[in-house]
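Here is a short briefing to read with the model open beside you. Take a look at the fold, then follow the topics below.

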Amino acid sequence: MRIGIIGTGNIGASIVRALSAAGHDVAVANSRGPQTIPAELLVDGARPVTPAQAVEGAEVVILSVPLSAIPTLAPLLSDLPEDATVVDTSNYYPGRDGADLLPAGMVESLWVSEQLGRPVAKAWNAIGSASLANKGTPAGTPGRIALPVAADRSIDKQRAMALVEETGFDAFDAGSLAESWRQQPGTPAYGTDLTLNSLPGALGRADAERAPERRDLVVGVFSSWLGAGVNPDAQWGVAVARLICGGPAGAADDSTAEH
């Protein structure tokens, strides 16, 4: 497929590498210009372009930018064909995006869809950047991590799930976009690296009222250690997310700890 990817942060960079290595025609852009795209992202054929060029002719456009930057992309996507798929990978963090960005209780990707004026799929938002970069495995690998994908249109869901699989993870149909709050920060499915056996239960245990509190607790734990000059490894981060957001002991699946 012809895929445009906007954003070259940790999440976007991993998606660029995986999908270009899988043979897709990938055009990658950021806000600073094609000349700033790291050469390491281009080794498998991805092309550095402007955001407008990334969108032109794309069947799928993947947005990997902070949630607060989404409204600035609306004009860019206004001429995208109706049958093209837009994938939102973002998450809401008030300390970064602004405490008043979202109305209280608003589902993040419903807000994204409203801002862009078109349907979107939600994918790759529920995994940490280190796990996305390092824990992808071939289909059928025991303990393979699963990622939720939510969308309202079947074509969007099918495309997003297929691409998630190609990045090295089992794709799970997480329902409609209105249900995508179950994979947002502070929920048992977010950042906990679960397998396909355990992900559905984690999504089902999500608590919309308490998720923001738990999200902020996780951020606070990370901030405390980073402030002390300690940079914990990725598996420590998974353990923290499981402890705070995963539910009672035994509720989260730790079968992926060895990956």
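In which sense do E5 and E6 pair, and over how many bridges? E5 and E6 pair in the parallel sense over two bridges, where pairing requires that DSSP finds at least two bridges between two strands. The model is predicted, so local features need pLDDT of at least 70 and side-chain atom pairs count only at pLDDT 80 or more, while totals for chains, interfaces and linings use all residues. Residues are numbered from 1 along each chain as its sequence is written, and side-chain values use heavy atoms, with hydrogens and water left out.

**Strands around E5**

- Helices (H or I, at least four residues) and strands (E, at least two) are DSSP runs numbered from the N terminus.
- On the E6 side, Val-87 stands opposite Ala-121.
- E4 also pairs with E5 in the parallel sense, over four bridges, and Leu-63 stands opposite Asp-88 in E5.
- Thr-85 and Val-87 point one way from E5, Val-86 and Asp-88 point the other way, and all are buried (under 20% relative accessible area, 1.4 Å probe, protein chains only).

**Helix H5**

- In H5 (residues 108-116), the buried residues are Glu-108, Ser-109, Trp-111, Val-112, Ser-113 and Leu-116.
- These residues pack against E4, helix H3 (74-77), strand E5 (85-88) and strand E6 (121-122), with contact meaning heavy atoms within 4.5 Å.
- Gly-117 follows H5 and has a positive phi, near 70 degrees.

**Nonpolar cores**

- A nonpolar core is a set of buried Ala, Val, Leu, Ile, Met, Phe, Trp, Tyr and Cys residues joined through side-chain atoms within 4.5 Å.
- The largest one has 29 residues, of which Ile-3, Ile-15, Ile-62, Val-87, Trp-124 and Val-164 touch the most other members.
- Elements giving two or more residues to this core include strand E1 (2-6), helix H1 (10-21) and helix H7 (154-166), and H1 supplies the largest share, five residues.
- Beyond its neighbours within four places in sequence, Ile-3 is in contact with several residues, including Leu-19, Val-26, Ile-62 and Leu-163.
- Another core of 25 residues lies apart from the largest one, with Ala-54, Ala-74, Ala-84 and Val-112 among them.

**Helices H9 and H10**

- H9 (residues 211-227) and H10 (residues 234-245) pack at an angle of about 145 degrees, with their axes 10 Å apart.
- Residues of H9 that meet H10 include Leu-217, Val-221 and Trp-225, and those of H10 that meet H9 include Trp-236, Val-240 and Ile-244.

Key:
Buried means under 20% relative accessible area, exposed over 50%, partly exposed in between (1.4 Å probe, protein chains only). Axes are lines fitted to C-alpha atoms, for helices over the stretch in contact, and angles run from 0 to 180 degrees between N-to-C directions.
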